[in-house]
Amino acid sequence: MRKVYKSSNLLKIYNSVKFSHPTRNTAQFGTQMAPGGSTCKEVLESHPTVADYEIGTAKAENNGTTTKGTLGAGGKHGLYSNNGVHELLECPVCSNLMYPPIHQCPNGHTLCSNCKIRVHNCCPTCRYDLGNIRCLALEKVAESLELPCKYQDLGCHDIFPYYSKLKHEQHCRFRPYNCPYAGSECSVTGDIPSLVAHLKDDHKVDMHDGCTFNHRYVKSNPHEVENATWMLTVFNCFGRQFCLHFEAFQLGMAPVYMAFLRFMGDDNEAKKFSYSLEVGGNGRKLIWQGIPRSIRDSHRKVRDSQDGLIIQRSLALYFSGGDRQELKLRVTGRIWKEE
């Protein structure tokens, strides 16, 4: 059951925290005393504070993720770890941390600005109309806090001021990766070792050792190319993993086949490698050379950017030979590390 904090608890925590910023002169603000006893500010449907802190819509923290990692001895902890104030800053509706403007009902129950709209201005705890009351005390408490990155179990040992923590987490290099499998909408996330195990065990992906490959792709009816995806292949070389994609889709009005490589790691590491792809037949050959894209970029983003070997259907059928009634493409390639 979620804890409900009354206004007296809020004021107790508010008064006990030593603020790092000078207290604002409240004489310029009109105040009212809510029935619960907390000091609040009446606001006329204006929310400029959100832009000030460069806060976007927060995603649910670690929702259904697969992660591995251990916290090193050098990990730091802020107020988050020892006094429960962070629980007071959790929205009771979405369970995310709240950022200004933080709203409260006349009885002192708080919630975030996004959920205020979702509940149609009705307090989800006591069912009173929310009105436009800002909880300035809780916003000030948040301003004084320093919290650890939520990815500390994956290796990020830094702590951040409350209002810059979310922005850091959106770009933290330790944040989990999305599953790179393209054959279904897989929601699993995790670090690279856990995703490699997930691809092997759950998606039955082919795993190959070595930096060269030779794959044959066959389709009995090449005219049905829309959204056709062949089995993903993962290569282990240079101690890293690479995903080879091959699929058919519509590029505008033209049906095409496309092959491309993705790197299981961040973009700055992906740029240390290069790869080539080659396809041909009947004395003709197409060659593509490029840099693998990080799996931070979604499969669809890479595909739609056309960053890979693209083969028009007519040419693919010509490469296949025979009566052009069956697709038979052999794609070869290699991966190397740039010096």
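In this predicted model, begin by selecting H299 and displaying what surrounds it: leaving aside its neighbours within four places in sequence, H299 is in contact with A182, H245, E247, F260 and R262. H299 belongs to helix α9, which covers residues 299–304, and it counts as buried because its relative accessible area, 16%, is under 20%.

Next, select D266, in the loop between β15 (254–263) and α8 (267–270), where it is buried with a relative accessible area of 14%. Not counting residues up to four places away in sequence, D266 touches R173, Y177, S294 and R296. Keep two of these contacts on display, for R296 lies over the face of Y177, at 3.8 Å from the ring centre.

Now turn to the aromatic rings, which form 13 pairs. Y217 and W230 make an edge-to-face pair, with 6.1 Å between centres and 80° between the planes; both residues are buried, and together with F246 and Y257 they form one aromatic cluster.

Then select F238 and F273, a tilted pair at 5.8 Å centre to centre and 45° between the planes. F238 is partly exposed, at 43% relative accessible area, whereas F273 is buried, at 4%.

Finish at F249, where the charged end of R303 sits over the ring, 4.5 Å from its centre.

Key: Residues are numbered from 1 along each chain as its sequence is written. This is a predicted model: local features need pLDDT of at least 70, side-chain atom pairs count only at pLDDT 80 or more; totals for chains, interfaces and linings use all residues. Side-chain values use heavy atoms; hydrogens and water are left out. Helices (H or I, at least four residues) and strands (E, at least two) are DSSP runs, numbered from the N terminus. Buried means under 20% relative accessible area, exposed over 50%, partly exposed in between (1.4 Å probe, protein chains only). Contact means heavy atoms within 4.5 Å. Rings of Phe, Tyr and Trp (its six-membered ring) pair if their centres lie within 6.5 Å; planes under 30 degrees apart count as stacked, over 60 as edge-to-face and the rest as tilted. A charge sits over a ring if NZ of Lys or CZ of Arg is within 6 Å of the ring centre and within 35 degrees of the ring normal.
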